[in-house]
Amino acid sequence: MDGGSGGGVCTSGSMSTVSKEDNLMVSTEVSSYPDEAELELGLGLSLGGGGGGGGGVKPQEQGWAQYGRILTAKDFPSTVSSSSSSSSSLSRANRTTVGTKRRADSVAASNNGSQVVGWPPIRAYRMNSLANQSKSLVTEDLNSMVEKSKSTNTMVENTYNGSNNTNGYAKKKGPLNTSFFVKVNMDGIPIGRKVDLSAHSCYETLAKTLEEMFQGPTTTVNAIGSSNENYDAMTESTRPSKLLDGSSDFVLTYEDKEGDWMLVGDVPWGMFLGSARRLRIMRTSDANGLAPRIQERNGRQRSMRI
Amino acid sequence: MDSKRKKDSPESNELTRSSPFPDEVLERVLGLVKSHKDRSSVSLVCKDWYNAERWSRTHVFIGNCYSVSPEIVARRFPNIRSVTLKGKPRFSDFNLVPLNWGADIHAWLVVFASKYPLLEELRLKRMTVTDESLEFLATTFTNFKALSLLSCDGFSTDGLAAIATHCKNMTELDIQENGIDDLGGGWLSCFPENFTSLEVLNFANLSSDVSFDALEKLVSRCRSLKFLKVNKNITLEQLQRLLECAPQLTELGTGSFHQELTTRQYAELESAFNNCKNLNTLSGLCEATPLYLPVLYPACMNLTFLNLSDAALQSGELAKLLDHCPNLQRLWVLDTVEDKGLEAVGLSCPLLEELRVFPADPYEQDVVHGVTEMGFVAVSYGCPRLHYVLYFCRQMTNAAVATIVKNCPDFTHFRLCVMNPGEPDYLTDEPMDEAFGAVVKNCTKLQRLAVSGLLTDLTFEYIGKYAKNLETLSVAFAGSSDWGMQCVLSGCSKLRKLEIRDCPFGNEALLSGLEKYESMRSLWMSACNVTMNACRRLAKQMPRLNVEVMKDEESDDSQADKVYVYRSVAGPRRDAPPFVLTL
């Protein structure tokens with residue numbers, strides 16, 4: 001099973017409940033499930049062997065639903081175990097890609113953090129329209145709230161003023177809780193930038209945008225050799241973001257509500273949106289004490305003192 | 001009708017004819033038989049009827065493009081004007097089938113060009129269609145009228161431009177839910193200025209802007225336009241102008257329902273909808289805000305199909321809207337309406353026959369909203385005619401489903417998707433076996449079933465025992481052993497399509513269906529426990545089946561990760577890509 005758009009990029013090593021809007025690239029919502037210590041998390045190209053804690057899950061266990069990782073025949077007690085089946089589903093992402101030819105961004109949207117490929121069974125076009133909708137849901141929500149106190153002549157223009165207060169809307173609309181610009185600074189560059197977090201639905205697109213913002217269009221050689229434009233469209237969207245996978249000299253960090261600086265990518269996208277206050281692209285060498293990408297500990301967010 | 005047939009088929013000359021009807025009469029009568037199933041039955045009666053049927057058939061439906069070749073089709077049916085073709089396995093909609101798998105229409109078009117030069121209609125589902133093919137279609141078939149592409153891929157808006165440019169007699173252009181490259185909206189402007197024949201236009205899923213000027217002029221001059229579905233970029237103001245040009249519309253898909261309007265614009269929009277007394281289908285309403293929904297009310301009286309699956313409405317908004325739709329038969333909504341919204345459905349829509357509830361946020365694990373079993377139960381109480389449901393939810397109980405099917409025993413299509421794989425009855429923690437047992441026991445007319453939740457083999461025992469009219473079954477993350485699948489294969493005599501993913505069914509199950517698969521359209525099994533050897537055995541013993549395997553790179557050599565088995569008179573595929581192994 002391929003990983004939809006995210007295809008062969010940064011698939012997370014464990015299939016535990018990934019956040020809303022995430023591509024498969026992002027690591028998992030481990031914080032909610034502290035007993036998943038045995039799960040291997042990573043943001044690399046290939047899966048760190050799946051299976052996680054699921055090997056012996058009996059159908060009766062409620063824990064079934066919690067994991068939401070690639071479920072294969074091996075999870076059923078009466079089946080013959082197949083060592084590769086649980087990792088294979090996502091690893092296929094490396095080779096295959098979406099079943100249809102689409103633009104790169106819609107391809108990215110079509111696999112918003114599904115921990116199981118092709119599940120729930122919703123057609124790609126609907127996923128795209130949901131992803132696009134979620135961006136405007138908040139605006140619409142704000143509009144409808146404001147409208148009650150205003151005349152119906154025109155819609156209120158200053159809805160965005162209210163958007164920085166995210167908490168009130170978190171409950172009402174599931175997906176994006178915020179719609180706002182945050183400052184981004186990169187080590188070594190005196191002038192900072194601003195990026196609209198609500199324009200993204202996953203870490204991957206955010207990271208790519210930042211890369212382009214600060215480093216110009218990347219000149220990484222991808223599999224451009226193929227003349228098949230389908231393939232190009234696929235690789236364009238599946239090329240890993242260096243900021244996220246640890247292969248660059250820089251890492252992407254953010255300051256959260258409590259003033260701590262955290263590594264971007266640990267928590268589900270929505271949670272990130274709710275807590276991020278500003279971003280910093282930090283030199284990897286400065287990021288001392290930063291845990292390696294493959295985590296051995298359980299659920300808590302990594303924090304780092306600057 | 002083509003009269004040269006008489007000379008060509010000596011066996012139907014009057015001397016040897018056994019039918020009491022002259023051939024012309026027989027053909028005339030049979031020409032009125034539309035259903036392709038009936039036509040298949042007719043063709044089996046006797047040779048005369050077979051011939052009369054084949055000469056009089058103008059529309060052919062091919063459910064699996066690889067089950068037959070275009071040459072065979074053309075040989076049997078000389079007078080086809082309309083073709084419906086389906087290609088890839090259904091799970092390709094959910095990214096389970098790699099790109100470039102096949103189902104390319106081009107080979108068909110080439111044959112049609114010589115055998116059916118007067119072809120008028122082409123309806124494709126899950127096929128690969130390139131721009132070259134579209135151009136070929138547009139320039140070769142001078143009589144071409146209707147093109148419908150659903151869930152297809154491989155083309156871009158350039159191909160649409162070719163269609164618009166060359167097809168002078170187009171009545172229908174229906175581009176739905178396709179994975180295409182949207183290179184811009186210029187294609188719409190390619191319809192010539194003297195072009196007036198369009199009756200159906202659907203470009204709702206395209207994302208680029210079309211020239212509104214071109215669209216408005218097109219809509220104005222196509223007086224027979226009945227179905228119009230525009231994309232999100234069309235604003236409310238533009239919509240109003242379109243409606244002014246085309247109050248005769250029976251099906252409307254709006255663009256974005258979200259724009260700043262002045263009071264006057266609002267009134268004009270309301271008036272425009274007021275003039276659309278013929279609307280029976282309404283969709284679109286993207287990003288609808290409650291502020292503007294009331295403009296729809298005057299147009300809703302005759303609505304039979306309301307598709308709100310692009311509009312994240314809340315329960316109150318839905319309830320108010322439904323108050324104005326007394327004749328609703330089909331309703332599609334997002335689960336943002338929640339159980340409360342579905343209660344309103346139960347109260348306001350007594351004639352409802354079909355309900356589809358889609359998840360607004362399918363990957364959210366912690367969400368506390370969406371719909372639950374309560375909403376479904378509420379609908380079942382209020383809508384006894386309900387026979388088609390597609391329901392995405394996060395929790396369900398056996399008891400609720402039992403109540404639902406008791407209230408609505410006429411289900412023909414029951415597709416329940418509990419979104420967490422392997423989710424048990426959340427109240428009792430038991431498997432959901434009894435739920436689906438209730439469905440198959442109560443709903444004797446059931447044709448299509450999709451199961452979900454925590455299920456053991458018992459579910460499949462029930463299905464095999466009771467679902468005697470079942471034709472399509474979709475299974476995911478369910479079952480305990482081969483026995484489950486065996487029950488289905490041996491019990492469901494009318495089964496035509498079986499699609500399975502991530503279940504513990506293995507070789508024994510696969511091979512138990514040896515005799516069965518030739519009576520089915522297809523079988524799909526992925527991420528199950530089937531080995532290559534078993535597939536080879538199947539292929540060897542059943543030469544009229546195509547047994548195709550797609551392997552994952554990382555899996556070991558003996559595993560058959562994705563298996564697709566289907567009957568075919570055309571033999572193994574000749575266009576299979578390297579990753580499809582035909583055994």
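Five strands of chain A form an open sheet in the order 4-3-7-5-6, with mixed pairing. Strands are DSSP runs of E with at least two residues, helices are runs of H or I with at least four, and both are numbered from the N terminus. Two strands pair if DSSP finds at least two bridges between them. This is a predicted model, where local features need pLDDT of at least 70, side-chain atom pairs count only at pLDDT 80 or more, and totals for chains, interfaces and linings use all residues. Residues are numbered from 1 along each chain as its sequence is written, and chains are lettered from A in the order in which they are written.

**The sheet in chain A**
- Strand 4 (193–196) and strand 6 (261–263) of chain A are the edge strands, and each pairs on one side only.
- From one strand to the next, the twist averages 35°.
- Strand 5 (residues 250–255) and strand 7 (residues 278–283) of chain A run antiparallel, joined by six bridges.
- In this sheet, A:Phe250 stands opposite A:Arg283 of strand 7 of chain A.
- Helix 6 (residues 203–215) of chain A lies across strands 3, 4, 5 and 7 of chain A, at about 155° to strand 4 of chain A.
- That angle is taken between N-to-C directions, on a scale from 0 to 180 degrees, with axes fitted to C-alpha atoms.

**Strand 13 of chain B and its partners**
- Three bridges pair strand 12 (residues 305–307) of chain B with strand 13 of chain B in the parallel sense.
- Helix 12 (residues 315–322) of chain B carries the chain from strand 12 to strand 13 of chain B in a right-handed β-α-β crossover.
- Right-handed means that, with the strands pointing away from the viewer, the path from the first strand over the helix to the second runs clockwise.
- Strand 13 of chain B also runs parallel to strand 14 (residues 354–358) of chain B, with five bridges between them.
- B:Trp332 stands opposite B:Arg356 in strand 14 of chain B, and B:Asn307 stands opposite B:Trp332.

**Chain B overall**
- Chain B has 20 helices and 23 strands.
- Of its 583 residues, 63% count as buried.

**Confidence**
- Within chain B, helix 1 (residues 5–8) has the lowest confidence, at a mean of 47, and strand 17 (residues 448–450) the highest, at 98.
- The model scores ipTM 0.86 and pTM 0.70.

Note on methods: Side-chain values use heavy atoms; hydrogens and water are left out. Buried means under 20% relative accessible area, exposed over 50%, partly exposed in between (1.4 Å probe, protein chains only). Contact means heavy atoms within 4.5 Å. pLDDT is the predictor's confidence in each residue, from 0 to 100.
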